[in-house]
Amino acid sequence: MFRLSTAIALVLALPASAEEFNFAVTTDPQTMDPHAVNSAPVLGFLNNVYEGLVRRGKDMAIEPSLATSWSPIGDGEGWRFVLRQGVTFQDGSAFDADDVIFSYERASSEQADTSSWFAPVSDVIKVDDFTVDIMTSAPNPIFPDSIANWMMMDSGWAAANNAERPDKEQGNYATLNANGTGPFQIAARQPDLSTVLEPHAGWWDEVEHNLTRVEMTPIQNSATALAALLSGDVDFINPVPIQDAARLQGNPDVQVIQGIEARVIMLGFDQQSGAAESGQGASDMFLDARAREAVAKAVNVPAILQTIMRGNAEVASQLVSPAMRGYSDAQAAPYAYDPEAARALAAEAGLTGQTISLKCPNDRYLNDEAVCQAVTAMLAQAGMDVSLDAMPVSNYWPELRADNFDMYLLGWSPGTFDAEHPIRFLGSTPNEEKRLGSWNFGAYSNDRIDTLLPMIQSEIDDSVRQGMLDEVAKIMQDEVAYVPLYVQPLVWGARANIDVTQRPDNFFILRWVTVN
Amino acid sequence: MNRFLDSDVFYAFRTSPVAIVSLIVTVLMVLAAVFAPLIATTNPFDPASLNLMNGFTAPMEPNAFTGESFFLGTDDQGRDVFSTILYGLRISLFVGVAAVMLAMVIGIFLGLLSGYVGGWTETIIMRAADVQLTFPSILVAMLIFGVAKGVTPVEYRDQMAIWVLILAIGLSDWVQFARVVRGATLVEKSKDYVAAARLIGRSPLTIMIRHILPNVLSPVLVIATISLALAIIAEATLSFLGVGAPATQPSLGTLIRIGQGFLFSGEWWILLFPACTLLVLALAVNLLGDWLRDALNPRLR
């Protein structure tokens with residue numbers, strides 16, 4: 001009898017030691033396929049399930065993950081990666097060089113959204129079971145930095161489940177299921193409803209977290225998410241509405257974790273000559289650099305930060321924040337607010353009397369719609385007539401891809417933490433074949449930048465490289481390629497008994513979470 | 001006039017405090033909306049007049065940066081909440097009245113037609129009405145709004161938004177009118193005066209409009225009043241969901257949507273004042289409609 005009661009007591013005691021952790025996100029990751037969609041909500045979440053050859057530590061520095069070491073081959077012909085031995089996927093199969101080759105083929109395939117990461121790669125060669133050579137067409141000193149989100153998938157699992165290529169539109173087995181080497185595995189997945197994770201027992205690295213079950217719930221409305229945090233329904237939310245941060249700090253049950261994200265919010269322009277917007281005829285109004293400069297001078301960024309951002313963000317001068325490698329100190333001065341000059345420039349460039357169509361997401365960035373409204377008002381004060389159209393992000397990207405805009409709002413967080421990244425995606429002339437400029441919706445184009453980009457990519461000498469980055473930053477500033485507004489703040493909220501680590505890429509890494 | 005003052009309806013009105021109060025409130029609201037440009041201190045629809053630094057000013061308190069003070073405070077863009085409510089009330093009432101008119105015209109016409117003509121015409125119209133009733137009217141309105149927005153050129157979109165709203169709500173609301181009018185028409189059709197009119201050779205259209213319509217109007221009036229309250233709420237709902245009035249021309253629903261984000265942070269006035277205005281307006285119109293139904297229904301007297 002005594003034994004039985006002890007056993008019962010033990011059984012009863014067990015659930016109390018189980019550390020369950022519930023968190024809310026604004027955007028549910030649209031897929032569990034690490035190669036299907038290149039967006040922060042997807043990659044950030046899947047970093048807990050899948051792993052790459054390298055990963056980023058708490059300070060964003062690159063550290064070994066599935067590769068234990070790497071070194072350049074010869075005179076910059078490529079990189080040799082030595083793989084970690086004894087790593088198993090969550091279904092129990094072993095990880096080796098074949099999986100790397102497979103993951104390369106999968107992630108660089110036409111169907112993959114991540115293929116642009118592999119633009120510099122010419123070939124991937126299996127040397128032996130645990131050594132892989134990745135050859136690049138030109139010396140590429142930052143290549144290891146650029147593949148932290150390139151996640152390894154098991155070739156056997158993908159073949160068995162008929163998911164050897166990602167399928168963004170239709171979806172396949174890998175859209176709902178996952179099999180990575182990472183610290184957590186997916187126990188249940190209901191898109192837009194809930195995703196349950198459990199620790200992967202055979203994970204190769206030392207376990208820092210103490211979680212036994214994790215549930216992620218998408219809550220789109222940030223006020224609802226906040227209410228859930230306050231009531232204890234969830235242990236963590238991202239983001240905390242910026243207007244609520246100050247009040248939340250006074251609450252002993254919760255904590256606010258603030259930082260500066262790597263993401264720069266900017267305005268982009270339609271700069272294609274003769275590009276006809278649907279039903280609007282040719283809208284060449286922003287081909288003239290003076291028109292773009294008028295916008296730059298008309299927007300009072302400090303006022304936006306003071307009111308809408310409540311003093312929680314910093315003015316941006318270029319496409320990357322000062323925390324990024326390759327930030328140009330020489331170009332650190334943002335455009336000065338000068339509504340009179342803006343009015344004159346707008347008149348000169350013939351903007352007056354035209355309706356500028358400004359597209360804006362309303363659920364992607366912090367207070368995105370409010371910022372666009374403020375921009376609309378500020379441009380109106382400088383004599384420009386703006387028609388604002390704010391929409392959910394699922395409609396937003398197709399609208400931008402269809403060129404239905406004169407101006408748009410974009411946030412850019414360089415995945416490599418390097419100033420080269422936005423030049424490749426936003427600064428170079430769009431070129432599908434070379435996989436360049438794939439997010440340059442307005443088709444900004446400058447020959448000098450196109451010439452400089454490959455030189456920047458292959459330059460080993462840091463000061464020469466910085467010189468070229470400075471030149472690009474200067475060209476983009478002088479030509480007003482984009483109008484950088486501010487560096488987005490990071491505001492996370494957690495219950496007081498939760499320890500988390502905040503990284504400037506806004507990835508929420510579960511292996512650093514402890515419940516006290 | 002004397003005939004009206006002497007009537008049963010006026011007597012019922014005179015003796016009902018609820019009716020008197022709700023009529024006064026409704027009339028005041030309509031006046032405030034019509035004369036909004038004269039009463040409002042600023043024009044919130046003119047983006048050039050906004051100063052972002054005035055954002056989040058509490059009611060009756062001076063702003064920390066600009067020193068300006070606002071009767072009911074300001075929203076996140078520095079718009080004066082009082083002026084915005086007045087202009088928003090304008091949109092809400094205008095959209096509500098116009099949408100109900102549209103629904104009424106369509107509903108009465110189709111109701112008369114199906115009631116008087118009968119046969120295939122009736123079957124088609126009434127089955128179409130049944131099908132539409134199976135969808136919640138707000139969904140129908142969203143569908144119409146989405147399609148209309150898609151086909152409108154972007155530079156007209158802001159101006160067109162209000163008309164599209166009217167169309168969307170009006171088209172989603174005609175069924176009730178059609179059903180009531182059809183029922184009443186069926187009753188009137190078999191009466192002698194219709195037979196007499198037919199006998200002297202009046203055309204069916206004349207009979208429908210000149211003879212039957214005046215006799216089916218009183219239930220229509222009741223539905224119209226109640227529909228008005230519903231249309232106002234439908235407009236607010238659409239705007240609350242972000243598919244109605246453009247963000248740069250906020251209606252009451254848009255204001256409530258904006259204000260909802262600031263409830264936890266203590267800026268209660270952005271939500272509270274527009275919400276109260278909407279509540280009072282919808283309640284007054286609804287009570288008026290309720291009273292009218294009772295007053296016009298001989299069985300309740």
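# Briefing on a two-chain predicted model

A:N162 sits in the loop of chain A that runs between α5 (155–160) and α6 (173–176); helices (DSSP runs of H or I, at least four residues) and strands (runs of E, at least two) are numbered from the N terminus. The model is predicted, and local features need pLDDT of at least 70, side-chain atom pairs count only at pLDDT 80 or more, and totals for chains, interfaces and linings use all residues. Residues are numbered from 1 along each chain as its sequence is written, while chains are lettered from A and ligands numbered from 1 in the order in which they are written.

**Backbone geometry in chain A loops**

- Most residues other than glycine have a negative phi, and most peptide bonds are trans.
- A:N162 has a positive phi, near 60°, and is not a glycine.
- A:N162 counts as exposed because it has 10 C-beta neighbours inside 10 Å; a residue is exposed if 12 or fewer other C-beta atoms lie within 10 Å of its own, buried if 20 or more do, and partly exposed in between, with C-beta atoms placed from the backbone.
- A:A443 is another residue other than glycine with a positive phi, in this case near 55°.
- The loop that holds A:A443 lies between α14 (420–427) and α15 (447–458) of chain A.
- A:A443 has 15 C-beta neighbours inside 10 Å and therefore counts as partly exposed.
- The peptide bond between A:N238 and A:P239 is cis, with omega about 0°.
- A:P239 belongs to the loop between β11 (236–238) and α8 (245–249) of chain A.

**Domains of chain A**

- Chain A is divided into domain 1 (8–221 + 496–515) and domain 2 (261–489), with bounds that come from an automatic or database domain assignment.
- The C-alpha centres of domain 1 and domain 2 of chain A are 31 Å apart.
- Between these domains of chain A, 19 residues of domain 1 are in contact with 17 residues of domain 2; two residues are in contact if their C-beta atoms, placed from the backbone, lie within 7 Å.
- On the side of domain 1 of chain A that touches domain 2 of chain A, 9 residues are nonpolar, 8 polar and 2 charged; Ala, Val, Leu, Ile, Met, Phe, Trp, Tyr, Cys and Pro count as nonpolar, Asp, Glu, Lys and Arg as charged, and the others, Gly among them, as polar.

**A:I142**

- A:I142 is placed in the loop between β7 (131–136) and α4 (143–146) of chain A.
- A:I142 is buried because 21 other C-beta atoms lie within 10 Å.
- Apart from neighbours within four places in sequence, A:I142 is in contact with A:T416, A:D418 and A:E420.
- The C-alpha atoms of A:I142 and A:E420 are 9.5 Å apart in space, and the two residues are 278 residues apart in sequence.

**Helix pair α9 and α11 of chain A**

- The axes of α9 (residues 289–298) and α11 (residues 339–348) of chain A come within 8 Å and cross at roughly 160°; axes are lines fitted to C-alpha atoms, for helices over the stretch in contact, and angles run from 0 to 180 degrees between N-to-C directions.
- α9(A) and α11(A) are therefore roughly antiparallel (angles over 145 degrees; those under 35 count as roughly parallel, 65 to 115 as roughly perpendicular and the rest as oblique).
- The crossing of α9(A) past α11(A) is left-handed, a term used if the near helix is turned anticlockwise from the far one by less than a right angle, with right-handed used if clockwise.
- Residues A:R290, A:A291, A:E293, A:A294, A:K297 and A:A298 of α9(A) meet A:P339, A:A341, A:A342, A:L345, A:A346 and A:E348 of α11(A).
- The contact of α9(A) with α11(A) has 8 nonpolar and 4 charged residues, and no polar ones.

**Chain B**

- Chain B has 13 helices and 0 strands.
- The C-alpha trace of chain B spans about 80 × 50 × 30 Å along its principal axes.
- Of the 301 residues in chain B, 46% are buried.
- For contacts in chain B between residues at least 6 apart in sequence, 68% join residues at least 24 apart.
- B:P274 lies in helix α13 (residues 269–296) of chain B.
- B:P274 counts as buried because it has 29 C-beta neighbours inside 10 Å.
- Leaving aside neighbours within four places in sequence, the contacts of B:P274 are B:I85, B:G88, B:L252, B:L255, B:I256 and B:G259.
- B:P274 and B:Y193 are 81 residues apart in sequence, and their C-alpha atoms are 51 Å apart in space.

**Contact between the chains**

- 24 residues of chain B are in contact with 30 residues of chain A.
- The side of chain B that touches chain A has 12 nonpolar, 8 polar and 4 charged residues.
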